[in-house]
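Here is a friendly walk through one protein model and the ligands it holds. Have the sequence and the 3D view ready, and look up each residue as it comes along.

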Amino acid sequence: MSAAVAGGAARLLPAVPSAEGYTAHLATAGPLPAFSGDELIAELGRAGLTGHGGAAFPAALKWQAVAERSRARGAVVVGDAMETEPASLKDRTLLALRPHLVFDGMLLAASAMRARRVVLCVASSSDALARTLVAALAERRRAAPHEPRIELVTSPSRYIAGEETALISRLNGRRALPRAVPPRPFATGVDGLPTLVNNVETFAHAALIARRGARWFRSVGSAAAPGTTLLSVCGGVAAPGVKEMAYDSTIGQVVAAAGGPAGDPVAVLVGGYFGRWAPAATAWSLTLEPGSLRRAGLALGAGVIAVLPRDACGVAETDRILAFMARESSGQCGPCSRGLPALAALFHDTALGRARPGVLETCARWSLEIRGRGACRHPDGATLMAASALEVFHDELRRHLRHGPCRESARPPLLPTPVLTGR
Amino acid sequence: MKRRLRVDPIACKAHGVCAELFPERIRLDDWGYPVLDDRPLPDELVEHARRAVDACPRTALHLVPIDERGARGRPELPAGDEQLLP
Ligand SMILES: Cc1cc2nc3c(=O)[nH]c(=O)nc-3n(C[C@H](O)[C@H](O)[C@H](O)COP(=O)(O)O)c2cc1C
Ligand code: SF4
Ligand code: SF4
């Protein structure tokens, strides 16, 4: 794993990719300033920080919603480091390199919300990450015994376990399954208290904004999308890994930061398994700004950029991802637990060239029909990804239907689709 | 106050009673789960809707005030997530 830094925009990733201890952290970042909660939330609002867990929700609004409700009863702050998206590496990379910056953000939130508990959640399969965090937290407690204690909690490594209501269920002693909202976490979450759930990268940015201010934060990126974002760049690039880029960088520049394309790029999966395919020619000049991506029907999601080179097969890759997403349905809602496997099976038949009349039309219809009808957004992500593949790989799909699987589809998978056991 | 239908997808077990009682606004998908038309209900349909709500054996179907956040018949979306949808 390389943690390269690009565009002169690195803020989260250190110049030298080595783990930063607490003393070194204080030397680079400086001490945490004392803030009133309201001041800090206002500063996050002026900075325009948005969440890095997938939905790009404005951080200040969420902090405000919890802070308002916490006055009477207190609150709980949860850092989401589950990172169950198989192509994503950015959260574990950030935590391995700069754990104390993430802790800072969580502690700032805890003080703004008068939190009773501060919990960092990691997937049960990430032994190495958990060990690093146990050590970093121990160091922190020794060096700063006055600070609130950050609890480390593991949750089963299943795709949906990183979803915020699933995390809350887990922390409430139930199974790590999403539940229907409302009540939303900011109103009623862990122990029935207002609960702030943010991705760990969001907390790290907040910790820098607290020290350097909104103006500094906005000095890179664009007015509409200030700051930088961590990206997990994989697939057909020479140097895959985690890159930090300003939001006004183009996808072409992201690929260049990852060593440039390996092979002739034909398509890009933007946003991961929750994201959408785009032809490389379209994607290349798009910036990472939400508005720029949205106009092309895309979203950055949790920051995965996967490049498909000409010698890989987008149909076969999508087939495996859809099967993965179908396996990872939590099985609670019919449209998701029945619909996704049906959609995946139909797509699989298409990939294998087992033609049935109207198969692509049925795929398109199901991808619309299933969307928006689960308790969580799992089926929405999977069906949007499927729908984008139907468009972008239109010609290839028809070729598979007519002539059977292409030569490229027999190659080893480009993108990982592990069988998750929850261990 | 205007109301619309909402189904709790975790509670719903595809009995289909609702679609039988209220075909004006509920149809079933290929797996027997209800697809709701979640536009505001005109007054003349509210009684029909209520009958379907009361008949659901899983108490999965609800009439909710229209100003509750959420889109497309799903339970409430986390605020801001609407922007993820095209
Ligand atoms: C199926 C599913 C899986 C998710 N997995 C993660 C995850 O692994 N890590 C994460 O930070 N957010 C994940 N999320 C998003 C969280 O629910 C939540 O929106 C996010 O942690 C909020 O943090 P943010 O506002 O800082 O982005 C997932 C969402 C869904 C629907
Ligand atoms: S939508 Fe799917 S993943 Fe989400 S709670 Fe329902 S069954 Fe589980
Ligand atoms: S009657 Fe109730 S359980 Fe049956 S399909 Fe309708 S909402 Fe679902």
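The model is a predicted one, in which local features need pLDDT of at least 70, side-chain atom pairs count only at pLDDT 80 or more, and totals for chains, interfaces and linings use all residues. Residues are numbered from 1 along each chain as its sequence is written, chains are lettered from A and ligands numbered from 1 in the order in which they are written, and side-chain values use heavy atoms, with hydrogens and water left out.

**Around ligand 1**

| Residue | Part of the residue | Distance to an oxygen atom of ligand 1 |
|---|---|---|
| Gly53(A) | backbone N or O atom | 2.7 Å |
| Asn198(A) | polar side-chain atom | 2.9 Å |

On its own, ligand 1 has 620 Å² of accessible area, and the protein covers 93% of it. Such areas come from the Shrake-Rupley method with a 1.4 Å probe. In total, 20 residues surround ligand 1, and Lys62(A), Asn199(A) and Thr202(A) are among the closest. To be counted here, a residue needs a heavy atom within 4 Å of the ligand.

Which strand gives the most to this shell? Strand β4 (residues 195–199) of chain A does, with 3 residues. Strands are DSSP runs of E with at least two residues, helices are runs of H or I with at least four, and both are numbered from the N terminus. By class, the shell has 4 nonpolar, 10 polar and 6 charged residues. Here Ala, Val, Leu, Ile, Met, Phe, Trp, Tyr, Cys and Pro count as nonpolar, Asp, Glu, Lys and Arg as charged, and the others, Gly among them, as polar.

**The other ligands**

Ligand 2 has 13 residues around it, and the closest include Cys333(A), Cys336(A) and Cys376(A). Its shell divides into 7 nonpolar, 6 polar and no charged residues. For ligand 3, look at chain B: Cys12(B), His15(B), Cys18(B) and Cys56(B) are among the residues that surround it. The classes there are 8 nonpolar, 2 polar and 2 charged.

**Two pairs of helices**

Helix α16 (residues 378–392) and helix α17 (residues 394–403), both of chain A, have axes that come within 4 Å and cross at roughly 80°. The two helices are therefore roughly perpendicular to each other, a label for angles of 65 to 115 degrees; under 35 is roughly parallel, over 145 roughly antiparallel, and the rest oblique. Axes are lines fitted to C-alpha atoms, for helices over the stretch in contact, and angles run from 0 to 180 degrees between N-to-C directions. Leu390(A) and Val392(A) are among the residues of α16(A) in this contact, and His394(A) and Leu397(A) are among those of α17(A). Contact means heavy atoms within 4.5 Å.

Now find helix α4 (residues 90–97) and helix α8 (residues 200–217) of chain A, which pack at an angle of about 45° with their axes 9 Å apart. This pair is therefore oblique. The contact residues divide into 4 nonpolar, no polar and 3 charged.

**Backbone details**

Where is Pro182(A) found? Pro182(A) sits in the loop between α7 (164–171) and β4 of chain A, and the peptide bond from Val181(A) to Pro182(A) is cis, with omega near 0°. The bond from Pro182(A) to Pro183(A) is cis too, with omega near 0°.

Key. Polar contact = N/O pair within 3.5 Å; in protein donor to acceptor, adjacent residues only side chain to side chain.
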